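Hello,

Here is the structure I promised to pass on. Have a look, then read my notes below.

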Amino acid sequence: MGSEVYFSQRRATQGCGLLDKLEQLCEAAGLSTIVPNGGQVALLTTFAEPGNTTYVRPAFAHRVAGCVAGQGGRPFLTDTMPWPPTARVNEATVLLAAAAHGFVALDGELSLQVADAPSSSEGLPLSPGHGSPALIAPRIAGAEGLLLLTHVTCHAAWGVVGALTQLGFGAASMRGKAEILGNFEASEVAFRDDEERQARVQRLLKSAAAVVSQKQGRIGYINLLLDVTPDDDNRPWSDAPIVPDIGILVSRDPVAIDQATADLLQQAPGIAGTRLIDPLVRDKLRAVHPGIDWEAPLRLGEEFVLGHRDYELMIV
């Protein structure tokens, strides 16, 4: 039997909508146990690039923050500065994008922070347990608990954005991201070299392992399978979703939740007229970004002992 992954479908049931389902999933998955009494909990999401329209709905972040506060934790909503650079070039522009997209501070419950502000963009070196340290955003490293609220999309580098990419890349500082990508020059062609791509995945998982090692079990993962677009939220646009909205997954295992995410995406009907040229194609992720081995982080995640690909889907 594998790790437990909790799932609720997109449709409302008996008057219960997505926000209520999200709260029920967090409770079922035991995410309250990661909340230290009175301690800080970083709620890591992506505020998204100006012009993007399919990012995480702020209401989801606010509901999760309320759950954390209800358990005695002190949540703060955070994102890190993107790399390669975009229009969000510093702390001020990241926060401006957050405000424009509806992410606001809630009195007594939630504050907004950029986890790798310019003064600390180098990052805090954390050891993954072996090898050289990874550079993690200081405000994430400094939090006692961590919740990852991830908008699942396809991705030109990793194949799919999920818990592992958010954990390894999203939690990294600017310099940490640059080190993971190596000599990446903002060209999808650069990701086609097999040897270099494998090295990038290794660096991604080393960074993820550093965060997991430092948090000592105080991490939870929420994957939103809504508006699954061909590109991530750091693009200044949003293409049409390739599958209908599926629902929400919650787990304590980043490998298991990403495997369940991929399985549900592959099982979902493709949408005609999108970048998914053949809606009946068996592997939608490879169809959108040909040549990208989206399973590589999952395989390596098991090698880094971050979790298991075997999972038990618990319907909530």
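In what sense do S1 and strand S11 (residues 247-251) pair, and over how many bridges? They pair in the antiparallel sense, over 5 bridges. Two strands count as paired if DSSP finds at least two bridges between them. Helices (H or I, at least four residues) and strands (E, at least two) are DSSP runs, numbered from the N terminus.

Some ground rules. This is a predicted model, so local features need pLDDT of at least 70 and side-chain atom pairs count only at pLDDT 80 or more, while totals for chains, interfaces and linings use all residues. Residues are numbered from 1 along each chain as its sequence is written, and side-chain values use heavy atoms, with hydrogens and water left out.

**The sheet**

Stay with S1 for a moment. Val-5 stands opposite Ser-251 in S11. S1 also joins strand S12 (residues 311-315) through 5 bridges, and these two run parallel. There, Ser-3 has Tyr-311 as its bridge partner. Strand S1 (residues 3-9) is largely enclosed by the rest of the structure, because 5 of its 7 residues are buried. Buried means under 20% relative accessible area; exposed means over 50%, and partly exposed lies in between (1.4 Å probe, protein chains only).

Now zoom out. The open sheet has 8 strands in the order S4-S3-S2-S7-S10-S11-S1-S12, with mixed pairing. Its edge strands are S4 (111-114) and S12, each pairing on one side only.

Further along, strand S2 (residues 40-44) pairs with strand S7 (residues 145-151) in the parallel sense over 4 bridges. Leu-43 faces Leu-147 of S7 in this pairing.

**Two packed helices**

Helix H8 (residues 254-267) packs with helix H10 (residues 296-303) at about 155°, with the axes 10 Å apart. H8 is therefore roughly antiparallel to H10. Angles under 35 degrees count as roughly parallel, over 145 as roughly antiparallel, 65 to 115 as roughly perpendicular and the rest as oblique. Axes are lines fitted to C-alpha atoms, for helices over the stretch in contact, and angles run from 0 to 180 degrees between N-to-C directions. Val-255, Asp-258 and Gln-259 in H8 meet Leu-298, Gly-301 and Glu-302 in H10.

Thr-165 lies in helix H5 (residues 163-170). Is Thr-165 buried or exposed? Thr-165 is buried, with a relative accessible area of 7%. Leaving aside neighbours within four places in sequence, Thr-165 is in contact (heavy atoms within 4.5 Å) with Trp-158, Val-160, Gly-170 and Leu-204.

Best wishes
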